Amino acid sequence: MNLYTRLTAYIKPYAKVLVAALICTVLAAAGNLYLPWIIRDMVDKVLSEKDAFMLNMIAVSIVVIFIFRGIFYFGQNYLMSYVGQHVIIDIRGEVFRKLQRLSMSFYDKNKTGTIMSYVTNDVNALQGALIENTIELVTEGFILIGSICAMVYLDWRLTVFTFCTFPIVLWFMNFFGRKIRRSGGQIQEATADITSVLQESVSSARVVKSFVREAYEILRFDQENMANFKANMRNSRYMATLTPTIELVAALGVTLILWYGGHNVIDGKTTPGSLIAFLVYAVNISNPIKRITRVIGNIQRALAAAQRVFNVLDLPEEVTDMPGAKPLPPVKGAVTFEHVSFSYNPGEEVIHDLSLSVQPGQIIGVVGPSGAGKSTIASLLPRFYNVDSGVIRVDGVDIATVTLDSLREQVGIVPQETLLFNGSVYDNIKYGRLDATEEEVVSAAKAANAHDFILNLPQGYQTKLGDRGVNISGGQRQRIAIARAILKDPRILILDEATSALDTESERIVQDALNRLMIGRTAFVIAHRLSTIKNADRIIVLDHGRLIEDGTHGQLMQLNGLYAHLYQIQYSSKKEE
């Protein structure tokens, strides 16, 4: 009920339309309640008393009732769908907005397919609960209440006799409802796992084929598919058990009505028409109970999906603007790390007591063995994560005290793995600054050594790049990413091994573009190839999260420490350099 109550909060903006839909639903259901009275009048007046006028009235009333019932039926379905679709759009939008606000730690811990499932499968599962099942629940609920009222009017003693079966029905509904909801959650999880495997396999198609792992991927998918099958069959078993159980209890109730009511007709306490009408209403009770039972099962499954959706919406946003955070004014680019420590997992420090001061416009090379914490620095400066202790300052301002948007607008990142969107070249570059003009986009492309190869593409700047930019080479993707960064015009730049995956010729072209990009900016160049940072103003060397060396290339070579060791490994054949 708490989940359903929470869902109703999304319905409030459309309360007027919902009320109109419910009125149509009630009036459409009222047509079903009138039919037993017609049967009673047919038996007791038309057939018994040969009343032709009543026969004509009944014939006209049936036509009129079904005309209006059709109108109200259309109204209930259209208006309820209007409300339901709007609610689904609102929830899906809120989930997506929440995903945009969640910190990187959420994406580190969750698979892409699972995250996608929240927005697609789980939200779609709510649609049935809010539209079809709600319509049926209201309709059958009104028929149930109306039938009970009519039964009390016809014979209250027989009604009380009938109600003896109700506690048994409610117990079975509650017992199976809990199991159905639990199995519904398992179905949603299994569906999310299928989506995750599918996403991984499709996005890694080149790797799968290169390792000849098609059969392995098929096996993985079949395993998740079978888990989904088993979860659905478990739910179906509960549903299949619940329905005949309720029908059996209802059949026993109808049998008791026939036996007790038949004796009343024989004794002259009620008319045959009234007993038949009572029986129809009794059936009207058993059918709604059966349908409501099925609907409740479906709603339980939907609520399991709702639980997953709300779990995402309730996740704490670890990296947010502090109360009273102010925009960071345009900066010169001075960066200071003061005794900074950080760990992705408690007790496993990746950065330990790091202190570093960088002047505006300096180019800082960042080197070290794998796992030394180089890329972590690139994530801490734009506050993708909060530091465990210490302070990071930009132009003397603690970055934790300013708004995230104002900080990240002044920090540009060119990663090793360039991520381009499935759109045009023009749109991918313009992503750096959405209000840029066409001339500014072209100018950024020229500065990134990308303009010439873009013009040679089939549609030039309007060429579609495909998923992740698969239609162009790695070097070309990197130059588009650099053009995007140039267009953003950040004062602080982070190059996270931006050329490590390129061949020699592509590296030369990209490095030339990067050198042009770094002019006048504070730049942190995380490098695997030490040749790219030999001319840096300073080079810092990290090892196990600690800053162990700091100086120019010449100074570090004279120190004969870790940097000199790494350099000698890479350039053992060129010691003269």
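Select Leu542 and Leu547: in this predicted model, Leu547 in β10 is the bridge partner of Leu542. Now widen the selection to the two strands, β9 (residues 538-543) and β10; five bridges join them, and they run antiparallel. Strands, like helices, are DSSP runs numbered from the N terminus (E, at least two residues, for strands; H or I, at least four, for helices). Two strands pair if DSSP finds at least two bridges between them.

Next, select helix α20 (residues 562-570). Helix α20 packs on the sheet and touches β3 (363-367), β9 and β10, where contact means heavy atoms within 4.5 Å. The direction of α20 makes about 95 degrees with that of β9. Axes are lines fitted to C-alpha atoms, for helices over the stretch in contact, and angles run from 0 to 180 degrees between N-to-C directions.

Show the whole sheet. Six strands form an open sheet with mixed pairing, in the order β6-β7-β8-β3-β9-β10. At its edges are β6 (411-414) and β10 (546-551), each pairing on one side only.

Move to the other sheet. Four strands in the order β2-β1-β4-β5 make an open sheet with antiparallel pairing. The edge strands β2 (348-358) and β5 (397-398) each have a single partner strand, so one side of each has no neighbour in the sheet. Select β1 (residues 335-345) with β2: seven bridges join this antiparallel pair. One to look at is Ser343, whose bridge partner in β2 is Glu349.

Now select helices α15 (residues 438-447) and α17 (residues 474-488). Their axes are 8 Å apart, and the helices pack at an angle of about 125 degrees. The two are therefore oblique to each other; angles under 35 degrees count as roughly parallel, over 145 as roughly antiparallel, 65 to 115 as roughly perpendicular and the rest as oblique. To see the contact, show Glu440, Val441, Ala444, Ala445 and Ala447 in α15, which meet Ala483, Ile486 and Leu487 in α17.

Last, colour the chain by pLDDT, the predictor's confidence in each residue, from 0 to 100. The mean for the protein chain is 81, with 90% of its residues at 70 or more. Confidence is highest in strand β4 (residues 389-394), at a mean of 94, and lowest in helix α9 (residues 205-210), at 64. Over residues 573-577 the pLDDT is below 50, and beyond near neighbours in sequence this stretch has three contacts in the model. Where pLDDT is low, the predicted coordinates should not be read in detail.

Residues are numbered from 1 along each chain as its sequence is written. Local features need pLDDT of at least 70, side-chain atom pairs count only at pLDDT 80 or more, and totals for chains, interfaces and linings use all residues, while side-chain values use heavy atoms, leaving out hydrogens and water.
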